[in-house]
Amino acid sequence: MTPPARPKLASAHAIITGGSSGIGLATAHLLVSRGAAVSLVARGRERLEAAAAELRSSGGTVAFRTADVCDKAAVETAFTDLERELGKPCDVLVTSAGVARPGNFLDLPDEVFHEMMTVDYFGTLHCMRAVLPGMTQRRRGSVVAVSSAAGLMGIFGYGAYGPAKFAVRGLMESLRAEMAPYGVHVGVVFPPDVNTPQLVEENRWKPEETRAIAGTIRPLSPEQVAAAIVAGMERRRFVICPDIGTRVLARWGGVLAPVLNAEFDRRVRKVRRHRSRTCTD
Ligand SMILES: NC(=O)c1ccc[n+]([C@@H]2O[C@H](COP(=O)([O-])OP(=O)(O)OC[C@H]3O[C@@H](n4cnc5c(N)ncnc54)[C@H](OP(=O)(O)O)[C@@H]3O)[C@@H](O)[C@H]2O)c1
């Protein structure tokens, strides 16, 4: 049996949700440099316009639409319009639109749990549902969803965000199996902390314990994650890990969980001891 063809990025039409910022924008830059025509989808027009101008100035063929990925009909309309504008069906989909809101489980309002699932999980699902019927008919294509290291193991402070990213991983695992007979590549990315506007926002809410768990690990650049995404697409990888830490976690997480949990619990106790000492001083 001949293996499925690698995606020809030079003639591909790539749709990237969350393409106006961070990981999505860095992926758009890399795909443009490979010759792909790129479509960006996000809610804010200003950042989309700026991103498109930036990409066009480096020679890219770029289109964009505003849409909220939580709105299934809006996603379908945006994708159809973009395919019409660029004259090509979607060959590559990267779902990078997402939000992260850490916090103590006992303090987080119910709305945050709903928001994480609505944006991160259903926002991914709607995009997959929009492109996969066409890809299976054409028997080619590549879909890559951005999950998170928080989708590989439960972490203190990620009681709302983590489960949504676990759901993305679960969806992609099922899709990998179902799309394989059609030759459609399915991938899922597990970035650790990445230097983007989302991380800045996230840091405003992170409990001290969550910071202590991350320790002194330096965030990756969005370009490092984009390079892993494009390499993963070209090699038709399912699990895409941009660094050694998440690679180990993705492969050995089940085995390592007791050790990691013990270490993370120790860091949490240390923060709390310190807090109670400083409160009584
Ligand atoms: N940064 C990290 O440390 C990190 C780590 C692991 C995983 N991730 C994941 O990586 C993905 C990209 O994050 P990033 O760090 O690159 O964040 P970012 O720089 O803040 O970019 C997020 C993008 O998603 C768009 N977006 C957000 N909500 C949307 C919605 N409802 N509908 C459509 N577009 C929406 C934003 O544009 P608008 O606001 O204009 O819509 C923006 O283009 C996310 O799924 C995130 O959870 C990030």
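Before the helices, a definition: helices here are DSSP runs of H or I with at least four residues, numbered from the N terminus. Please keep in mind that this is a predicted model.

Now the ligand. The shell around the ligand draws at least two residues from each of α1 (22-33), α5 (161-179) and α6 (197-205). Of the elements, α6 gives the most, with 3 residues.

How many residues surround the ligand? There are 29, and the closest are S20, S21, Y161, V194 and T196. Sorted by class, the shell has 13 nonpolar, 11 polar and 5 charged residues.

Next, the polar contacts. Y161, one of the closest residues, has a polar side-chain atom 2.7 Å from an oxygen atom of the ligand. For K165, an N or O atom in the side chain is 2.8 Å from a ligand oxygen atom. For T196, the corresponding distance between a side-chain N or O atom and an oxygen atom of the ligand is 2.5 Å. As for cover, the ligand on its own has 880 Å² of accessible area, and the protein covers 95% of that.

Is T17 buried or exposed? T17 counts as buried, because its relative accessibility is 1% and the cut-off for buried is under 20%. Which residues does T17 contact, leaving aside its neighbours within four places in sequence? They are V41, V69, F79, V94, T95, S96, A97 and C127.

That is what I have for today.

How values were computed:
Residues are numbered from 1 along each chain as its sequence is written. This is a predicted model: local features need pLDDT of at least 70, side-chain atom pairs count only at pLDDT 80 or more; totals for chains, interfaces and linings use all residues. Side-chain values use heavy atoms; hydrogens and water are left out. Buried means under 20% relative accessible area, exposed over 50%, partly exposed in between (1.4 Å probe, protein chains only). Contact means heavy atoms within 4.5 Å. A residue is near a molecule or strand if one of its heavy atoms lies within 4 Å of it. A polar contact is a pair of N or O atoms within 3.5 Å; within protein, one must be able to donate a hydrogen and the other to accept it, and residues adjacent in sequence count only if both atoms are side-chain atoms. Accessible areas come from the Shrake-Rupley method with a 1.4 Å probe; for residues, only the protein chains shown count as cover. Ala, Val, Leu, Ile, Met, Phe, Trp, Tyr, Cys and Pro count as nonpolar, Asp, Glu, Lys and Arg as charged, and the others, Gly among them, as polar.
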